[in-house]
Amino acid sequence: MKFKAFLTENGVNLLEKRFLPAFDKMGKTCFVFLTKEHLFFLHNLLNGDGVQCIAQFRKDVLFDDYRLSSQNEDRIAFSLDVSLLYRAVKSSVSICTEFSGGLASNRLQIKLVKKLPPNCTQPMPFLTFETKGYKSAVIQDVPISKPLSRSQVIELQTALDSAQDLPPTLVQVQDPNQLQNFVDHMKHVGDVLNVTISKHGDLQVQISTTLIRLGTEFQRLSVIGEKTQAPVEDRNLSAQARSERAVARGDAQSVEVSVKHFSKSLHCHLTKPDSAFYGIAPQGACLTVIFQFMVPGTRQTDKSISLHCRLPVLDPGSS
């Protein structure tokens, strides 16, 4: 089982400035899953009671001279403490930049090693960052779990495959900060968020208690997948009435999610996506958020990077 590569300047920027800060906010640990073509960060994928977060990178986005081999169809997976990984990357980049006079590209090597830690009798696995300077090398070791067995990797791959299913209707939110502001202001009001998504391109978010109901609505959003035209007779109705009629017609779905979970999913904005798509899985199984990244300077989707979250619903099947 071997893995060794050099982080590119773009890879360093993606990890240090964007994705590791986001995953550090999502939770303490995550899986790192390496294949011949991709690297994945998988948060909470094997646990159904919290926010699942999946980031995927094509290898050449992050690495040069990528070398990977294992007896498990060249797949390696392990878990680690995200904060330790984030700290090691930041520290290595700082040292690397100092050594190279401000140029960090191609000088930071990452590899899997086994070492004998102090006061231990058994070698332990580490993800190691090595920065080579003119006269010395600086090594940062991140402890990792024992790499997953063949059956565990198959379980992880199966969960990953099923998590890639898209909701039939997705609506596009161009400015996620509006949702962020709403949730920041309202998360002290209640614990439950009602989310309604229609095939007309409407997204409604409400927090309700026995005393108060507060909400925000986005109308006429871009729709991907199944879409319909909103009936003319609904135009002058309240948002609540329109959503209830749309759900009754089968033109919308409504689910309840934890405010805490929804707020946590918004940490993904640290990755600097260009927009976000919201959708509800069939039978209201989960709320899915897909973040879109554009190739800089273009209007083309960057297909080398993907990120999405799945939020568990509080009462599955109620919609």
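Let's start with Leu211. Is Leu211 buried or exposed? Leu211 is exposed, at a relative accessible area of 81%. This is a predicted model, so please keep that in mind throughout. Where does Leu211 lie? Look at the loop between β12 (203–208) and β13 (213–218). Together with Val189 and Ile212, Leu211 makes up a nonpolar patch on the surface. The accessible area of the three residues together is about 290 Å².

Now step back to the whole chain. We have 319 residues, and 50% of them count as buried. The secondary structure comes to 7 helices and 18 strands. Draw a box around the C-alpha atoms along the principal axes. That box is roughly 75 × 40 × 35 Å. The accessible surface of the chain is about 16100 Å². Carbon and sulfur atoms account for 49% of that surface. One more number on the fold. Take contacts between residues at least 6 apart in sequence. Of those, 64% join residues at least 24 apart.

Next, strand β3, residues 38–43. How many residues of β3 are buried? The count is 5 of the 6, so the rest of the structure largely encloses this strand. β3 has strands to pair with. Strand β2, residues 29–34, runs antiparallel to β3, and 4 bridges join the two. They form a hairpin, with 3 residues between β2 and β3. For a specific pair, find Phe31. The bridge partner of Phe31 in β3 is Leu42. Then there is strand β4, residues 52–58. β4 and β3 are also antiparallel, joined by 6 bridges. Here, His43 stands opposite Cys53 in β4.

Stay between β3 and β4 for a moment. The loop that connects these strands holds Leu45. Leu45 counts as buried, at 5% relative accessibility. Which residues does Leu45 touch, leaving out those up to four places away in sequence? They are Gln52, Ile54, Leu156, Ala159, Leu160 and Ala163. Compare that with Phe129. Phe129 is 84 residues from Leu45 along the chain, and their C-alpha atoms are 26 Å apart.

A disulfide is a covalent bond between the sulfur atoms of two cysteines. How many disulfides do we count here? The count is 0. Cys309 is in no disulfide either. The nearest cysteine sulfur to Cys309 belongs to Cys268, at 3.4 Å. Both Cys53 and Cys309 are buried. The relative accessible area is 0% for Cys53 and 0% for Cys309.

Last topic: charges. The structure holds 12 salt bridges.

Number one is Arg67 with Asp65. Their side chains meet at 3.1 Å, N to O. Arg67 counts as partly exposed, at 48% relative accessibility. Asp65 is partly exposed too, at 40%.

Number two is Lys199 with Glu226. The closest N and O atoms are 3.1 Å apart. This pair links distant parts of the chain, 27 residues apart. Lys199 sits in the loop between β11 (192–198) and β12. Glu226 is in the loop between β14 (223–225) and α6 (239–249). Glu226 counts as partly exposed, with 41% relative accessibility.

Salt bridges with shared partners join Asp234, Arg245, Arg249 and Asp251.

Terms used:
Residues are numbered from 1 along each chain as its sequence is written. This is a predicted model: local features need pLDDT of at least 70, side-chain atom pairs count only at pLDDT 80 or more; totals for chains, interfaces and linings use all residues. Side-chain values use heavy atoms; hydrogens and water are left out. A disulfide is a pair of cysteine sulfur atoms within 2.5 Å. Buried means under 20% relative accessible area, exposed over 50%, partly exposed in between (1.4 Å probe, protein chains only). Patches are made of residues with over 30% relative accessible area and no salt bridge: like charges are joined within 9 Å, nonpolar side chains (Val, Leu, Ile, Met, Phe, Trp, Tyr) within 5 Å. Accessible areas come from the Shrake-Rupley method with a 1.4 Å probe; for residues, only the protein chains shown count as cover. A salt bridge is a side-chain nitrogen of Lys or Arg within 4 Å of a carboxyl oxygen of Asp or Glu. Contact means heavy atoms within 4.5 Å. Two strands pair if DSSP finds at least two bridges between them.
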